[in-house]
Amino acid sequence: ETATDANAKGRALEELAAKLLETIAGFEVVGRTRTATEEVDITVVNGSADPLLAREGPLILAECKNWSSKCDKDAFVLFREKLVNRRQRATLGLLISWNGFASTVTKEMLRDSHDSLVIVPLDGRQLRDAAATGALLPVLSQAWRDAVML
């Protein structure tokens with residue numbers, strides 16, 4: 001929240017998200033991944049034994065948006081394509097937006113609800129809660145349920 005430029009704000013959110021993801025047993029946080037066509041903020045190798053997470057693919061992607069405005073549908077759609085581009089190895093994505101989400105994101109989630117991919121939106125309030133307790137799993141589990149049951 002005290003970063004002065006957009007790049008520093010983005011990196012700070014990525015670092016916070018990575019540290020919180022590392023609190024989940026069985027997660028190996030790889031960090032930023034670049035290919036010839038795209039960049040993924042955080043890649044996680046999923047070795048979790050948690051019943052909810054164990055059913056997901058071996059890769060979990062996270063995209064961080066520390067914008068002054070809410071994350072919009074366009075960011076959601078672009079992130080979804082990054083999940084699709086993982087050779088069906090990523091079924092869970094975390095779209096993290098410090099300042100929340102526009103209503104168009106929920107509508108897009110409903111449009112995609114027939115698909116096996118799950119994109120879980122997480123906002124700054126949820127990350128603060130996880131940081132306060134030192135555990136992301138309870139917050140992530142509830143957000144996953146909310147996303148699946150839209």
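This is a short walk through the predicted model shown above, from its overall build down to one residue.

Hi everyone. Two bits of housekeeping. Because the model is predicted, local features need pLDDT of at least 70 and side-chain atom pairs count only at pLDDT 80 or more, while totals for chains, interfaces and linings use all residues. Residues are numbered from 1 along each chain as its sequence is written, and side-chain values use heavy atoms, with hydrogens and water left out.

Let's start with the whole chain. How many helices and strands does the chain have? There are six helices and five strands. By helices I mean DSSP runs of H or I with at least four residues, and by strands runs of E with at least two, numbered from the N terminus. Reading from the N terminus, the order is α-β-β-α-β-α-β-α-β-α-α. The radius of gyration is 14 Å, close to the 15 Å that the globule rule gives for 150 residues, so the chain is as compact as a globular protein of that length. That radius is taken over C-alpha atoms, and the rule is 2.2 Å times the number of residues to the power 0.38. Along the principal axes, the C-alpha atoms fill a box of roughly 40 × 35 × 30 Å.

Next, the inside. Of the 150 residues, 47% are buried; buried means under 20% relative accessible area, exposed means over 50%, and partly exposed is in between, with a 1.4 Å probe and protein chains only. Now take contacts, meaning heavy atoms within 4.5 Å. Among contacts between residues at least 6 apart in sequence, 61% join residues at least 24 apart.

Now please find strand β2, residues 39-46. Is β2 mostly covered or uncovered? Mostly covered: six of its eight residues are buried. On one hand, β2 pairs with strand β1, residues 27-34, through six bridges, and the two run antiparallel. Strands count as paired if DSSP finds at least two bridges between them. β1 and β2 form a hairpin with four residues between them, and Arg34 has Glu39 in β2 as its bridge partner. β2 is also joined by four bridges to strand β3, residues 59-65, again antiparallel. There, Ile42 has Ala62 in β3 as its bridge partner.

Last stop: Asp74, which sits in helix α3, residues 73-84. Asp74 is partly exposed, because its relative accessible area is 47%. Thr23 is 51 residues away from Asp74 along the chain, and their C-alpha atoms are separated by 30 Å.
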